[in-house]
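Please look at the sequence and the structure below. The report that follows goes through them part by part.

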Amino acid sequence: MASSTSAMQSILANPMIRMTTRSRVNQFTIPSVYMPSLRRNSSLRVRSMAEEPKEQSASPVTPSPPPPKPRAPKVSTKFSDVMAFGGPAPERINGRLAMIGFVAAMAVEVARGQGVFEQISDGGVPWFLGTSVVLTLASLVPLFQGVSVESKSKGVMTSDAELWNGKLAVLGLIALAFTEYVKGGTLV
């Protein structure tokens, strides 16, 4: 038993041993396909594809015209592309609705003292649906006309800032509703 253990340890400890079907080391007829072969391949060559810089000649060369400006990729106006998971519309529409919803919920809560759940149960559903339809249509019309969202980004009012404000408004609405639920009343 001790001789078989020492034979296996010597097989595993020395990675440079190439096994055949029967050898002095491989006395247990372990197929050589299971043993790694770490021989170096001497035919492997690495070639460089870098080009040498061209030397400028002394002859006058006419200047080439400047390269054309890269055109912005054409924005797709197909409904399936605009409303796709990674498309320009869904996250922006949801963010815009959340921004309006958060400001409206806080304003009604301060003015009337009603929480989010009271606002919804006291006739807030028609207001929500009407605002959703208007903002969705207002967001989709420019996208269907081929206007990209990034083309309207200037200064502080960038498309990335709008996305972040929308994400924070979603979190604000969730936090407001959760806080009112846990507290059992309005936040203010």
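## The end of helix α3

In this predicted model, helix α3 is followed by Gly-113, a residue with a positive phi, near 80°. Helix α3 itself covers residues 89-112, which makes 24 residues.

Eight residues can be listed as the buried part of α3: Ala-89, Arg-92, Ile-93, Gly-95, Leu-97, Ala-98, Ala-105 and Glu-109. They pack against three other helices, namely α2 (79-82), α4 (116-144) and α5 (159-183).

Glu-109 belongs to helix α3. Which side chain of opposite charge is nearest to Glu-109? It is that of Lys-183, 7.1 Å away. A salt bridge requires a nitrogen and a carboxyl oxygen within 4 Å, and Glu-109, although buried, has no salt bridge.

Leaving out residues up to four places away in sequence, Glu-109 touches Gln-114, Gly-115, Gln-119, Leu-176, Glu-180, Thr-186, Leu-187 and Val-188.

## Helix α5

Helix α5 has 25 residues. From its first C-alpha to its last it reaches 36 Å, close to the 36 Å expected at 1.5 Å a residue. Just after α5 comes Gly-184, with a positive phi of about 85°.

The buried residues of α5 are Ser-159, Glu-162, Leu-163, Gly-166, Ala-169, Gly-172, Leu-176, Ala-177 and Glu-180. Their cover includes α3 and α4. Trp-164 is also found in helix α5, but Trp-164 is exposed, because its relative accessible area is 55%. The C-alpha atoms of Trp-164 and Gly-95 are 8.4 Å apart in space, while the two residues are 69 residues apart in sequence.

Side chains of opposite charge can pair when their charged atoms come close. How many salt bridges does a search of the whole structure find? It finds three.

One of them joins Glu-91 and Lys-167, whose closest N and O atoms are 3.5 Å apart. Glu-91 lies in helix α3 and Lys-167 in helix α5, so this pair ties together parts that are 76 residues apart in sequence. Glu-91 is partly exposed, with a relative accessible area of 41%, and Lys-167 is partly exposed too, at 37%.

Glu-162 and Arg-92 also meet through their side chains in a salt bridge, at 3.9 Å from N to O. Here Glu-162 in helix α5 is linked to Arg-92 in helix α3, 70 residues apart. Arg-92 has a relative accessible area of 9%, so it counts as buried. A further salt bridge is formed by the side chains of Arg-96 and Glu-162, at 2.4 Å from N to O. This pair again links distant parts of the chain, with Arg-96 in helix α3 and Glu-162 in helix α5, 66 residues apart. Arg-96 is partly exposed, with a relative accessible area of 25%. Together, Arg-92, Arg-96 and Glu-162 are linked in a network of salt bridges.

## Leu-143 in helix α4

Leu-143 lies in helix α4. Is Leu-143 buried or exposed? Its relative accessible area is 8%, and anything under 20% counts as buried, so Leu-143 is buried.

Apart from neighbours within four places in sequence, Leu-143 is in contact with Ser-76, Thr-77, Val-82, Pro-88, Ala-89 and Val-149. Leu-143 and Phe-79 are 64 residues apart in sequence, and their C-alpha atoms are 9.4 Å apart in space.

## The surface

Phe-117, Phe-178, Tyr-181 and Val-182 make a nonpolar surface patch of about 510 Å². The largest share of this patch, three residues, comes from α5. Val-182 lies in that helix, α5, and counts as exposed because its relative accessibility is 58%.

The accessible surface of the protein comes to about 15400 Å², and 64% of this belongs to carbon and sulfur atoms.

## The whole chain

The protein has five helices and zero strands, in the pattern α-α-α-α-α along the sequence. It has 188 residues, of which 19% count as buried. Among contacts with a separation of 6 or more, 60% are between residues 24 or more positions apart.

Technical notes:
Residues are numbered from 1 along each chain as its sequence is written. Side-chain values use heavy atoms; hydrogens and water are left out. Helices (H or I, at least four residues) and strands (E, at least two) are DSSP runs, numbered from the N terminus. The expected span of a helix is 1.5 Å times one less than its number of residues. Buried means under 20% relative accessible area, exposed over 50%, partly exposed in between (1.4 Å probe, protein chains only). Contact means heavy atoms within 4.5 Å. Lys and Arg count as positive and Asp and Glu as negative; His and the chain ends are not counted. Accessible areas come from the Shrake-Rupley method with a 1.4 Å probe; for residues, only the protein chains shown count as cover. Patches are made of residues with over 30% relative accessible area and no salt bridge: like charges are joined within 9 Å, nonpolar side chains (Val, Leu, Ile, Met, Phe, Trp, Tyr) within 5 Å.
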